[in-house]
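Student: Could you show me how to read the features of a protein model, one at a time?

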Amino acid sequence: MNDTPAPMSETDNAPASEQQLRDAMVERLIELGAARSARVVAAFRSVPRHLATPEVDMAKTYEAEFAAVTKTDPTGVNISSVSAPRIQAMQIEQADIQPGMSVLEIGSGGVNAAYLAEMVGGRGHVVTMDIDHDVTRRAEDFLKTTGYDRIVTVITADGEHGVPGHAPYDRIVVTVQAADIPPAWVHQLKEGGRLVVPLRMRGMTRTVAFIRDRERLISDGFELCGFVPMQGVGENRVRLVLLHDVEGEEIALRLDGLPEPDAEALRVALGMHRVEVWSGVTVAGDESTEHLDLWLTTALDNLPLMAAKIGARKRGLVASASPIGVPTLVDGDSFAYRTARPTDDPDRYELGAISHGPQARKVADRLAEEIQVWHSDHRTQRAHIEVHPAGTPDDRLPAGRLVDRPHTRVTITWS
C-alpha cells in the first residue's frame, strides 16, 4: 500500500526476476501514458499478477498489452479475462482513487481488485463482484494468496444490481463492456463520485470517467478500450449480419441499435466495383482515429461497424480488416467504410472512404465530407458525454447524438 505496509505474502520476498518483470511492465506503462501518477506506478510495481493466471507464462502476464482469457462460452466467445495492464492502469488513473476510499469493482478477476486495494490503502475497502462463481472463486484464491483479502470483499452476484450492502461508494470501476448504466450504479455512488465504465455507444466502446451530478452522469474524459461483454440481466450484445461467410474471409456488420440493413443487397454490393474518395485529411502513423470515429457516429445516422478477417483483405474483398470493426455508412443497397492510404510522407496517411453498390459515389462522398468536417471543426476537441435517466424529456437533454437504452438516455455532443 502507499500508506500502510503491503498486505501480501509474496511481494516482499519476490525473486528478482519477478520484480524485474514488474518494473519493466511499469516502464512500458509510463511510456504508453497509461500510468501517470506516482501512486498508480507504485501499485503496479507491487502486485504479483502472474499468480492469478498460473497457466500462463509468467513473462507474458507482465506484457503491457496482454489480456489473459480465463473463460469462454460454448460458442468460443470470451466471457472472462484478466485485462491487459495498460487497460487496468488507464482505468485506475481515470478513477482518481484516494487512500481511505470505498470502491466497487464490477467484473472480477482478482488482479485489478489488488491494484485497487493498493490505491485505497489499509483504511479503505474494495468490493469486487462477478456473476460467475468460477471467476469469483479464482479471484478469492488469488487475493488470499497475496494477502489482499484483508481489504477486498468478493461477492458473487449480478453486477446489474451492484452491492447495496456496502454502499455508498466513492468510486465504481466497471471492467466489463456495458451497453447501459443501471440505476443501482448511480444510486450506490456518492454525489460527486466517479464511475469508470466501458460504455458501448452505437457499437463503439470507450471507457468513460463519469462524475455523478444528482441523477445524471457527466463525462470527465474517455479512452478507447475493449472488454468482454456484461452477462446477466444487463446483457446486450451486438448483433452480427454476415455479408461474406467464406471461412477465414468473413465480413460482417456489427449492429448496435441501428436499422436493419438489406443484407442481401449489401452482399451483392460487396461484389461490385469499389469507388474510392479521398478527403485530403491526413493523420500520423501513430495517431489514433478514436475521436474521428466518435464524431462519425455522432454525425451519421446509420453507421454500423464492418468487421473483417485478414483473409478478406488478402483476397481484395476489403481494404481494411479489423475484428473490432471500422465505421461503415450504410445507405440502402450501398455502403462506404473509413480507410487510409500512404502519402509521400512516410509517417502520414490520408483518410478516405471506399464504397460499394449502386450509390457508391454518393455514400463515399458523404463519409469523406464528415471526415473533412471533423478535421476543420472538431479535430482539437473531445466529445462530451452525459447519461440521463430513461424518460428524461428531449428538451432537458444536450443537443447531439442520442442513444436510448432501457435505463438511460446517453448524449454525445461536440462544441
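Student: In which strand is the place of Glu223?

Tutor: Helices (H or I, at least four residues) and strands (E, at least two) are DSSP runs, numbered from the N terminus. In this predicted model, Glu223 belongs to strand 9, which covers residues 216-224. Residues are numbered from 1 along each chain as its sequence is written, and because the model is predicted, local features need pLDDT of at least 70, side-chain atom pairs count only at pLDDT 80 or more, and totals for chains, interfaces and linings use all residues. Side-chain values use heavy atoms, with hydrogens and water left out.

Student: Why does Glu223 count as partly exposed?

Tutor: Buried means under 20% relative accessible area, exposed over 50%, and partly exposed in between (1.4 Å probe, protein chains only). Glu223 has 31% relative accessibility, so it counts as partly exposed.

Student: Which residues does Glu223 touch, not counting residues up to four places away in sequence?

Tutor: Contact means heavy atoms within 4.5 Å. With that limit on sequence, Glu223 touches Met90, Gln94, Arg206, Thr207 and Glu290. Arg206 is 17 residues from Glu223 in sequence, while their C-alpha atoms are 5.4 Å apart in space.

Student: Which residues of the largest nonpolar core touch the most other members?

Tutor: A nonpolar core is a set of buried Ala, Val, Leu, Ile, Met, Phe, Trp, Tyr and Cys residues joined through side-chain atoms within 4.5 Å. Here the largest has 55 residues, and Ile181, Trp185, Leu195, Val197 and Phe210 touch the most other members. Helix 11 (residues 360-378) gives this core its largest share, seven residues. Apart from it lies another core, of 40 residues, including Leu29 and Val152.
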